[in-house]
Amino acid sequence: KSKTSAAPKAEKPPRRTVRLTHPDRVYWPGEGVTKEGLADYYTEVWRYIAPHIVGRPLALLRAPSGIDGQTFFQKHAWKGINAHIVEVQDPAEKDDEPYVAIEDLDGLMGLVQSAVLEIHPWGSTLADWERPDRIIMDLDPGEGVAWQAVIDAAEETRKRLEAAGLNAFVKTSGGKGLHVCAPLKPSARWPAVKAFCKGIADAMAKDSPDKYVSTITKSKRRGKILIDYLRNQRGMTAVAPYSTRARPGAAVSMPLAWSELSADIGPAYFTVENTPTRLQALAADPWADFRKAAEPLKTGKAKG
Ligand code: ATP
Ligand code: MN
Ligand code: MN
């Protein structure tokens, strides 16, 4: 093999021990991506995706017959759940059904074995369910919105997050839009974080009413971008970086450097097929410092 390098690509792929049943089952018929192909993809991206999906409650989009069959958005554990998937109890809801979490690559393979085609983590971890460690502003373009306008919205969201003392990162959704994410030191609780995010969305809609809306009302959305801040409340989720999407094209949600945002990279540009090549070619993971860049949210009430 080649010379020593600090780059992640020099590391060997991690070992997995979960046995897949029906490895040839086709999940994305258009691309011919099978269950085994999905397992290979997630093994390849494991070191990148792990920090975003390990040790937090997960909602899961399952599609046992692939993307053209029935799908289930599952927030809780189910009967006969794979042994590598962990069941966790919400400390605030002792009588609630258990949630699911994973701890390692075998857990992720347990998800693949369970036909999980999308992974949607909470914004807080099992270590502290009440204090989120990331914000995600979900930019949803309505019909007829140009891609450049979505990029502009992401840049503006970034500016507003930075003005509040946070660091902002961007990823494609793998669907239609962009997600602007900010790592947090877990200190503020959910209600304060939600109020902060609503404040940004409302301010954008107020300053540029021709471009942005901050409420869900469909009729108002044509030609505008919904600044969807509602991912940021307790129990709500958003698709993980590097998660696949259960949609035609086998796209994934891809972390980008801000400088990569351009007409060349649309929201579903990166896929199960071209992601390994991207990661091998990258000099550095654009989100390598995501956790290190965490800042506490200043809620503005601490004046003394
Ligand atoms: P796009 O760029 O196309 O908007 P997205 O991931 O931002 O992609 P959706 O797939 O529409 O948007 O999902 C919005 C959020 O709603 C997701 O983050 C997910 O956590 C949640 N969600 C998705 N599907 C369901 C469902 N069937 N039931 C409840 N919540 C869901
Ligand atoms: Mn969205
Ligand atoms: Mn949305």
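A disulfide is taken here as a pair of cysteine sulfur atoms within 2.5 Å. By that criterion, a search of the whole structure, which is a predicted model, turns up zero disulfides. The sulfur of Cys197 has its closest cysteine sulfur in Cys181, 11 Å away, which is too far for a bond. Cys197 is buried at 0% relative accessibility, and Cys181 is buried as well, at 2%; buried means under 20% relative accessible area, exposed over 50%, and partly exposed in between, with a 1.4 Å probe and protein chains only.

Because the model is predicted, local features need pLDDT of at least 70 and side-chain atom pairs count only at pLDDT 80 or more, while totals for chains, interfaces and linings use all residues. Residues are numbered from 1 along each chain as its sequence is written, chains are lettered from A and ligands numbered from 1 in the order in which they are written, and side-chain values use heavy atoms, leaving out hydrogens and water.

We turn next to the metals. Donors are N, O and S atoms within 2.8 Å of the metal (3.2 Å for Na, K and Ca), and sites may look incomplete because water is not among the atoms. The manganese ion (ligand 3) is held by Asp138 (OD), Asp140 (OD) and Asp228 (OD) at 2.1 to 2.3 Å, and along the chain these donors follow the spacing D-x1-D-x87-D. Asp138 lies in strand 8 (residues 134-141) and Asp228 in strand 12, so the pair ties together parts that are 90 residues apart in sequence. Helices (H or I, at least four residues) and strands (E, at least two) are DSSP runs, numbered from the N terminus. Asp138 is buried at 9% relative accessible area and Asp228 is buried at 6%, whereas Asp140 is partly exposed at 22%.

Ligand 1 is surrounded by 15 residues, counted as near if one of their heavy atoms lies within 4 Å of it; the closest are Ser173, His179, Thr237, Arg245 and Arg247. Polar contacts are pairs of N or O atoms within 3.5 Å; within protein, one atom must be able to donate a hydrogen and the other to accept it, and residues adjacent in sequence count only if both atoms are side-chain atoms. Oxygen atoms of ligand 1 lie 2.7 Å from an N or O atom in the side chain of Arg247, 2.8 Å from a polar side-chain atom of Arg245 and 3.1 Å from an N or O atom in the side chain of Asp138.

Arg245 sits in the loop between strand 12 (225-228) and strand 13 (255-256), and is buried at 7% relative accessibility. Its side chain reaches the backbone oxygen of Ser173 at 2.6 Å. Leaving aside residues up to four places away in sequence, Arg245 touches (heavy atoms within 4.5 Å) residues including Trp28, Glu118, His120 and Val239.

Finally, a nonpolar core is a set of buried Ala, Val, Leu, Ile, Met, Phe, Trp, Tyr and Cys residues joined through side-chain atoms within 4.5 Å. In the largest one, of 78 residues, Tyr42 and Leu108 touch the most other members. Helix 1 (residues 35-53) gives the most to this core, with 10 residues. A second, separate core of seven residues includes Phe169, Trp287, Phe290 and Ala293.
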